Amino acid sequence: MLPRNLNEKLSTEKFRTIREIHDAFDKKLLSPVELTRDYLAAAQASETGAYLLLCEERAMEQAKAADQVLAREGKVPRDRLPLLGIPLGIKDNLTMDGVRTTCGSKMLENYIPPYTATCVERLEKAGAVSLGKLSMDEFAMGGSNENSAFGPVKHPTHPDRVPGGSSGGSASAVGAGLCVGSLGSDTGGSIRLPASYCGVVGVKPTYGRISRYGLVAFASSLDQVGPLTRTVEDAALLMDVMSGFDPMDSTTVPMPATRSFQALQKPADLKGLRVGIPKEYFIGGLEPDVEKAIQTSLRWLESQGAKLVPISLPHTQYAVAIYYIVAVSEASSNLARFDGVRFGVRPKDITEVKDLTGFYEAVRNGFGAEVKRRIILGTFALSSGYAEAYYKRACQVRRQTKQDFDLAFQDVDVIVGPVSPTTAFKLGEKASDPLRMYLNDIFTIPANLVGLPSMSVPCGVDSKGLPIGFHLMTPLFQEDRMFSVGQAVFQGLGGGSGYGLAQGSNVGRL
Amino acid sequence: MHPEFEAVIGLEVHCQLSTDTKIFCGCRARMPDGTSIADVEVNSNTCPVCTGHPGTLPVLNGKVVEYAIKAGLATHCRINLHNVFSRKNYFYPDLPKGYQISQFDKPICEHGYLEIETKAGARKVEIQRIHMEEDAGKNVHMAGFSLVNLNRAGVPLIEIVSGPDMKTSEEAGAYLRGLHAIVTYLGICDGNMQDGNFRCDANVSVMPKGATQLGTRAEIKNVNSFRFVEKAIDYEIARQIEIVKSGGKIVQETRNYDSDKNITVSMRSKEEAHDYRYFPEPDLTPLNIDPALVEQIRATLPELPEQRRNRLIHELGLSVYDAGVLTGSKALVEFFEKGVGILVSAPSDSRNQMGGQAAAKQYAKSVANLMTGEVARLVNESGTEIGASKLTPTHIADVVRLVQAGLISSTAAKQVISTIWKTGDAVAVIVKSEGLEQVSDTSALEPVIDRVIAAFPGQAADFRGGKDKLLGFFVGQVMKEMGGKANPGMLGDLIKKKLTA
Amino acid sequence: MVEINEELTLKVGHLARLALSEHEVKTFTAQLGMILKYVEQLQEVNVDGVEPMTHPYIDRADLAAPLRKDEAKPFPRDENGKPKVLLHAPEVLFDGFKVPPIL
């Protein structure tokens, strides 16, 4: 890395949002190659452990190509290449042709996919630069990024704490300024929870908006790819580029891409907005600072003319139980393909194994403990004699959960609350107690069960300076409204300065 | 049939559909030049989807749904407009995802039947269900290891499950042949059992006659011809009866048929009760079929074997037997109809003056005789399908024309066909080169007849004296004189005339 | 309520082809027991007449993807003409994936 004047900010710190970067490109204050080089340097120097792999050569090629486009066009062609030269990080469960993808697992330590995920392809077609692959809990199973086989990821500003998970690398990288934005995946809160802990914006789109082709499946009916960014506007832009029907994924909805970025150009009118406050979310159990931040956010919304409407989501208490049956059941099946036959790591002594069962067992011993635990739980929940009482019943209460929301959305336009009962906890604090870990997801899980679009927006920090996220959910396919309200909250309360750590916020430190 | 026991037989048939692509990805299910997928370069007909790479997803081929509906309509099934795919979970090297996408509790077709005809008469065999699923790859076993080839993984299948509705191997054979005819007629399956297009598993159990409780069943897999299925079933029924009679218990297991020894052999060692943990496939939304599509398909169904059989009997006057043999295979009946068509539409033929229908019947009978006789023999002996042989409908038409004109005898016709099967030469060429021309010219025949009568005065006298049977003797002698080339049909009358003149 | 014991854990583990060490069997059985106890609360919900929802759009025929056309799209090979799925496979012999003897 070249020595630099320590008084001069890296371009990664001077130009932080897509808008700022493109303006700088247009004014020739910055070039794509410079920007990518600075981000790669920052990533290399970082001690967060956010990146598992940096694609230096590949990224520089993309940056050079962006340079050439600029030279040819004079300005960034925002219509055709809305992400020209924008460096992004990609969660390591999204495939890229020829680039190692591990899913945070020893099993796939050597896995080189033969194809690229649709969402990544669309970003790159729009001009984005893929800096590298971001760490995650193994196979997306975890809430703290302590389950990665390659070491935990650290919180961007408080290195003794977890960044949240499973998209811990994705959130930490954005929070630490190691990329403009990143891709994560969300099955029960895996984008929104780490976004909340790290003070960045995290979005889980409506189920079926963004293609899952190339997302290594955890729970097929719950998984969604989504962006993590410093600002709501950037998240909306990434959404727009990635979303839309994909013929390679039958669960994508036959709808065109979202146009949320455009919708954001009109400032939100919160007057008369009916904001639903589920009574089941506020029965105690929130850390006091979290409670305070959420209440402050609610008061702020009211001050802008929104109407707070108490609602009830009676099946809230069952959300975690449903999730921990449905998700693990699907996962136990999705992970059966990791059998060492066509890809993946075979242990060194595999040649000694002379029978098939022994072979499978030896290969699948490469899974970490959390993954094994969930596979066993899922296999159990689907097995003969138990499937009715566990899998089927969980799916029935899942439907009842959806009915709760259908009813509630008749009276409100958006449902809000905390993302997590706590802020980022210390590394190792919850690792030995899986159940305690699972209960962190209680507010985020329902959106996955029902497929609702949802996001985490930074709304303040606690007394230790740890970020707090504000959670929003709107009805199916209403991303425009969700982004609009999210933007208002973001600008009014949280990361208006654009760095995402609630600097310069009106709420300030509590 | 055993006096004290009866057998219960259910059949599961897996048909590989003849679509262009696999069921869930764009890889080929058949090669454009006709090469079987099984013969293509190992693992070259693959993609990340059908090899179960992480992050891949199935996308349903609409043609598979169409073909499944066709099969259901042709077997009088109810088409379930709302049907669901499910995962069948188990570990096996030729199953790349660790589960097979199939249909479990909501298959696309249900509750149909197939009419069969046996010596005991006609009856309906219940078809419980037809569902869509994907084929697995292939394992090749070597010494000390196995190799997996996934070219075939993902090829579309329909599984047709009969009720436990058959009692004899004859019924089973009739059912299989009937089903085979239907799927080949529909054009949804190539029906080549050797290549694995049409696979049959038989579930066999026995119980005391009149009992209501079904016995334990054994499943016989991997039998690749109708004849072998029948033999395997016969063997298995006998084996089970023996065991039960001697007080033993039938083990529920999978068995293989050994065609050399004509026995079924247990595959028990690798079998354990599978818990497939079926659940609805979350990567595929439920399939909702438009009733208009079903009607559209129904309207475009080709003539099915039963209808065609009836038409051949009523319109062309074929015997039930001949019609049955010919409609047993789409290739065979189409060949037949082409041959008849060539004859009927030939411009200069005195037969045509007889009127279209009568002419057609005449030709039909002649062509049918040749096809159910000599041609069928050649097909069975050589194992070559008629479509792959050198014989064409034009050949048959030429032969029939020559026979009806008296230019070759019917015996010679068989020889000609046999030669065409080997060489593919034109009929005229063969008749000439093998000297098969038949003499039907009376002016050529009469001198020979005169000579023969003169040579056997004793027999001539006996004939005139009333021993009519001696006519055959004279016919034979004239034939001998003419090296077999006399038109036998004419000889009788000519000789009689001369003898009694 | 289901009593999860070590035998059941091992049996389920085998279904999933997971060989568990003694320590894993003990720990997992205990942890799974706790989790199952937690999800037991689902048994108290009245689910009479409720159709299981295995997917968010299971009832939304309007959101179903169109069916694929039956047109071949062979997956491109690498620059050496090799099928890409063989490129980084763990063990390949005669172009087949090599595994221990199946029979």
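Biologist: What makes up the secondary structure of chain A, and what counts as a helix or a strand?

Modeller: Chain A comes to 17 helices and 11 strands; these are DSSP runs numbered from the N terminus, H or I over at least four residues for helices and E over at least two for strands. Mind you, this is a predicted model, where local features need pLDDT of at least 70, side-chain atom pairs count only at pLDDT 80 or more, and totals for chains, interfaces and linings use all residues. Residues are numbered from 1 along each chain as its sequence is written, with chains lettered from A and ligands numbered from 1 in the order in which they are written.

Biologist: What is the expected span of helix α13 of chain A?

Modeller: Take 1.5 Å times one less than its number of residues. Helix α13 (residues 369-382) has 14 residues, the expected span is 20 Å, and it reaches 20 Å from first C-alpha to last.

Biologist: What makes α13(A) mostly covered?

Modeller: Buried needs 20 or more other C-beta atoms within 10 Å of a residue's own, C-beta atoms being placed from the backbone; exposed is 12 or fewer, partly exposed in between. In α13(A), 12 of its 14 residues are buried, including Ile375(A), Leu377(A) and Phe380(A). Across the 510 residues of chain A, 65% count as buried.
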